[in-house]
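Please look through the model below before reading on.

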Amino acid sequence: MQQRAIAVKGLIFVELMNFMEEQFGYQLTDEVVDAAAIPDDAAFTTIGRYPSEYATRLITAAADCTNVSATELCRAFGRYLFTRFEIRFPHMIQCYPSARSLLCHVEAHIHEEVRALYPDAKPPSVTTLEVDGAMHVIYQSDRPFAQIAFGLVDQCIVSYGEHSTVEWCEDNSDSHARFVIRSIERTAA
């Protein structure tokens with residue numbers, strides 16, 4: 001993940017710390033925070049704003065401490081984050097009958113609500129388009145969080161119980177990516 005000094009809402013950091021504590025336990029999470037050299041022992045608040053570089057440093061340190069790749073940690077965090085959004089923001093998730101419907105409305109509905117709640121927020125751009133029966137999700141951000149976005153999309157599909165795969169496109173970068181969602185053909189038993 002490349003480093004940038006773009007501020008991120010504290011909710012993401014609070015959930016990242018919760019994710020690490022659930023995955024690694026408190027002692028290893030403390031070691032990760034120490035290794036990442038995060039100020040104030042990573043005492044994040046949901047309303048604070050923090051440099052995106054802190055997330056990069058935490059993920060890199062967690063990868064070093066656990067021998068799990070940064071890519072897999074980011075994707076696992078994205079999956080975890082979607083389950084937390086289901087709990088924190090059920091009104092936004094439950095108003096859509098399918099994962100594809102929700103993904104089509106991230107920009108126009110969900111990110112608009114984020115901007116209304118937090119006028120200084122700068123959520124990523126998430127757009128969708130249908131190509132040959134597959135949904136393409138296009139992620140663009142000033143932050144290097146595409147792998148986290150991939151995990152979010154993957155868990156969205158799982159949470160809605162849809163029989164689909166999510167593919168990472170080869171020409172993706174950390175801040176600009178395209179994911180392709182394809183339905184899996186179900187065979188009769």
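What follows goes from model confidence to the sheet and then to the cavities.

This is a predicted model, in which local features need pLDDT of at least 70 and side-chain atom pairs count only at pLDDT 80 or more, while totals for chains, interfaces and linings use all residues. Residues are numbered from 1 along each chain as its sequence is written, and side-chain values use heavy atoms, without hydrogens and water.

The protein chain has an average pLDDT (the predictor's confidence in each residue, from 0 to 100) of 90, and 94% of the residues score at least 70.

An open sheet of 4 strands runs in the order β3-β4-β6-β5 with antiparallel pairing; strands pair if DSSP finds at least two bridges between them. Its edge strands, β3 (125–131) and β5 (164–168), each pair on one side only. Strand β4 (residues 134–140) is joined to β3 by 7 bridges, and Leu 129 stands opposite His 136 in β4.

How many cavities of 30 Å³ or more does a search of the whole structure find? There are 2. A cavity is a set of points, on a 1 Å grid over the protein atoms alone, where a 1.4 Å probe fits but cannot get out; lining residues have an atom within 4 Å of a point.

Key. Helices (H or I, at least four residues) and strands (E, at least two) are DSSP runs, numbered from the N terminus. On a 1 Å grid over the protein atoms alone, a cavity is a set of points where a 1.4 Å probe fits but cannot get out, and a pocket is an open set with protein on both sides within 12 Å along at least five of seven lines; lining residues have an atom within 4 Å of a point. Grid points are joined across faces, edges and corners, and a volume is the space filled by probe spheres set on the points.
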